[in-house]
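Here is a short briefing to read alongside the model. It starts with one pair of side chains and then widens to the whole chain.

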Amino acid sequence: MVEAAELRKQLFLLEQELARLNERLLSLYYLMAEALEELDSRLKSVEESNLGKLIAFEAGKLGVSEEQLLRMAAEFVRKRMEDNKL
């Protein structure tokens, strides 16, 4: 009987440790999710900044304003879509 009681005690302690490890793992999971969201946000910001720089650069090469370049691009896409429908 003493051996069974000792085994139950060890099992109880192991279950407590497992519960603590599960809580820690869940905490780390949430920290990782937050870090990934922050990284994604920063990446989008960099992408938007780089896109803005690319648009300005290409507009400068063509000697048009950024707005004119975007209008030209939109018209090009519309024309392509119409051509592909036929």
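E38 and R42 sit four residues apart in helix α1, about one turn of the helix. Their side chains meet in a salt bridge, at 2.8 Å from N to O. Keep in mind that this is a predicted model.

**Salt bridges**
- The structure holds seven salt bridges, and the one between E38 and R42 is among them.
- E38 counts as partly exposed at 39% relative accessibility, while R42, at 56%, counts as exposed because the cut-off for that class is over 50%.
- Helix α1 also carries K61 and E58, three residues apart, about one turn of the helix; their closest N and O atoms are 3.4 Å apart in a salt bridge.
- K61 is exposed, with a relative accessible area of 55%, and E58 is partly exposed, at 27%.
- In helix α2 (residues 66-85), D83 and K79 are four residues apart, so about one helical turn separates them.
- D83 and K79 form a salt bridge with closest N and O atoms 3.2 Å apart; D83 is partly exposed at 39%, and K79 is partly exposed at 44%.

**Overall form**
- The protein chain has two helices and zero strands.
- Its radius of gyration is 30 Å, well over the 12 Å that the globule rule gives for 86 residues, so the chain is more spread out than a compact globule.
- The C-alpha trace spans about 90 × 35 × 15 Å along its principal axes.

**Surface**
- Of the 86 residues, 3% count as buried.
- L26, Y29, Y30, M32, L36 and L39 form a nonpolar surface patch with about 660 Å² of accessible area together; L36 lies in helix α1 (residues 2-62).

Key: Residues numbered from 1 in each chain as written. Predicted model: local features only at pLDDT ≥ 70, side-chain atom pairs only at ≥ 80, totals over all residues. Heavy atoms only, no water. Rg over C-alpha atoms; globule rule 2.2 N^0.38 Å. Buried < 20%, exposed > 50% of the residue type's maximum accessible area, 1.4 Å probe, protein only. Patch = residues over 30% accessible without salt bridge, like charges linked within 9 Å, V, L, I, M, F, W, Y side chains within 5 Å. Areas by Shrake-Rupley, 256 points an atom, 1.4 Å probe, with all protein chains shown as cover. Salt bridge = Lys/Arg side-chain N within 4 Å of Asp/Glu carboxyl O.
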